[in-house]
Amino acid sequence: MATSRPDLDLVATFGEDSELLRLVTCGSVDDGKSTLIGRLLYDTKQVLADQLEHVEETSRRRGDGYVNLALLTDGLRAEREQGITIDVAYRSFVTARRRFLLADAPGHVQYTRNMVTGASTADVAVILVDARNGVVEQTRRHTFIAGLLGIPHVVVAINKMDLAEFSAERFAEIAEEACAVARSAGIPDPIAIPMSALRGDNVVDRSGDMDWYEGPTLLEHLEAVEIAADRNVRDGRFPVQWVIRPMSDEHHDYRGYAGQIASGAWRAGDEVVVLPSGRATRVSTVETHDGPLNVAIPPMSVVIRLDDNIDIGRGDMIAHAVGAPTPARQIEATVCWMSERPLAVGARVAVKHTTRSVRAIIDQIVDRVEMATLERIAAPNGLALNEIGHVHLRLSEPIMADPYVDNRVTGAIILIDEATNETIAAGMISSVDPSV
């Protein structure tokens, strides 16, 4: 008789129908990303009457000849005038089964940093492919980035099937190539869906012109895809964001540590270690404003109380004693460079990791990704805007990190220019070194 996995049983308990799914759309310019999101919003009855009137009026003024649903997400004036997506546009909608947060990422190569930002927290990536053009360079680039960011679920939306005469053969040809690219990027189970976002075929409603397709519509798939099991409920990681000390007569001895659970299932009685000090203790309670909890899992925000009074502050981490991370003074990471000023060896930056900030020096730029071929090559001139490369950093103080492939929260960093407070890179940690 088969036995159930405790971690899956646990997330199933919390995996209610109303759970939030974070979704990013990406692809080449003019593949129909904004139109697809507009169609989702329109066909799920999320568009207000005055919004629709504004879109209809703008469509007439532009001479589109149809109601251009892409205008629901192309919010910047420059986007509407140029007909392209520049910034990441966020929209949300709700169905009877799930809540969604949509990010419409730019398709042009010069906005790669925006695409990384929009996709960094996504549960599902929808990569659009124009049925007329098939897999192009941007398809490969965005699939590579989706794999790099560890997005667990990828949908290849083969769009504009109406302009390919709804051909089943054309769909099969593109689906085979696109899914092969996804698997080579480390994405295990991509799914391909034929659709026409402009007409609404297989987006929310099934298409009468593609009765040869027996799979789900895009919305059916998004409502059914299992994301609760993607949470790491094994490795206990709790970055401390705030220390709660009311200091009132009634609560003079109260000491709690507030934050958002990065990973692991947390219960009273857990044996834990406080990092970087290494002090060991036990969890006395896990609670919210409603009172104590039997168990808490990511991404819940909670207060953890401990059996012992230990000197703990913002930036420290409470971790399960078994499998706790080793505080690291050196890390290697893949970074997407977001600054107009190139990154050079020896650059001094601030590293933001969970709730902890430390100073660092770029010791080495190992290589960079040639985005046209996705090959790793030497980077003698450093990293320029929108380039992705592998770097080695030496930290002034330790951070409690995990490889990104093991933990998307404690494996992520951002680099900040200390002089301007500008975010200059987003990074995914590949390895940690505790040595000084």
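Select Cys 26 to begin: with a relative accessible area of 0%, Cys 26 is buried, where buried means under 20% relative accessible area, exposed means over 50%, and partly exposed lies in between (1.4 Å probe, protein chains only). Then select Cys 336, which at 2% relative accessibility also counts as buried. A disulfide is taken here as a pair of cysteine sulfur atoms within 2.5 Å, and by this rule the count comes to zero disulfides.

Before going further, keep in mind that this is a predicted model, in which local features need pLDDT of at least 70 and side-chain atom pairs count only at pLDDT 80 or more, while totals for chains, interfaces and linings use all residues. Residues are numbered from 1 along each chain as its sequence is written, and side-chain values use heavy atoms, with hydrogens and water left out.

**The whole chain**

Zoom out and color by secondary structure: the protein has eight helices and 21 strands, which are DSSP runs numbered from the N terminus (helices H or I, at least four residues; strands E, at least two). Of the 436 residues in the protein, 52% are buried. If contact is taken as heavy atoms within 4.5 Å, then 70% of the contacts with a separation of 6 or more are between residues 24 or more positions apart.

**The nonpolar cores**

Next select Leu 36, Val 124, Val 126 and Leu 218, which touch the most other members of the largest nonpolar core, a set of 31 residues. Such a core is a set of buried Ala, Val, Leu, Ile, Met, Phe, Trp, Tyr and Cys residues joined through side-chain atoms within 4.5 Å. At least two residues of this core come from each of β1 (20-27), α2 (33-43), α3 (49-62), β3 (99-104), β4 (124-130), β5 (153-159) and α8, and α2 gives the most, with four residues. Center on Leu 36 and, leaving aside neighbours within four places in sequence, look for its contacts with Thr 25, Val 126, Leu 128, Met 195, Ala 197, Val 203 and Leu 218. Apart from this core lies another, of 27 residues, among them Ala 119, Leu 149, Val 154 and Ala 182.

The buried residues in α5 are Thr 112, Asn 114, Met 115, Val 116, Gly 118 and Ala 119.

Now move to Thr 217, in the loop between β6 (191-194) and α8 (218-224). At 0% relative accessibility Thr 217 counts as buried, and, neighbours within four places in sequence aside, Thr 217 is in contact with Ile 193, Asn 202, Val 203, Val 204, Asp 205 and Arg 206.

**Charged pairs**

Side chains of opposite charge can pair when their charged atoms come close. Counting as a salt bridge a side-chain nitrogen of Lys or Arg within 4 Å of a carboxyl oxygen of Asp or Glu, the total comes to 19 salt bridges. Select Arg 199 and Asp 201, whose closest N and O atoms are 2.8 Å apart in a salt bridge; Arg 199 is partly exposed, with a relative accessible area of 44%, whereas Asp 201 is buried at 6%.

Continue to Asp 402 and Arg 237, whose side chains meet in a salt bridge (2.9 Å, N to O). This pair links distant parts of the chain, 165 residues apart, with Asp 402 in the loop between β19 (388-399) and β20 (412-417) and Arg 237 in strand β7 (residues 237-239). Asp 402 is buried, with a relative accessible area of 9%, and Arg 237 is buried, at 2%. To see a network of salt bridges, select Asp 130, Arg 132 and Lys 160.

**The strands around β20**

Finish at β20, counting two strands as paired if DSSP finds at least two bridges between them. Strand β16 (residues 348-353) pairs with β20 in the antiparallel sense over three bridges, and the bridge partner of Lys 352 in β20 is Ile 414. Strand β21 (residues 422-433) also pairs with β20 in the antiparallel sense, over six bridges, and Ala 412 has Met 428 as its bridge partner in β21. β20 and β21 form a hairpin with four residues between them, and in the turn Asn 421 has a positive phi of about 65°.
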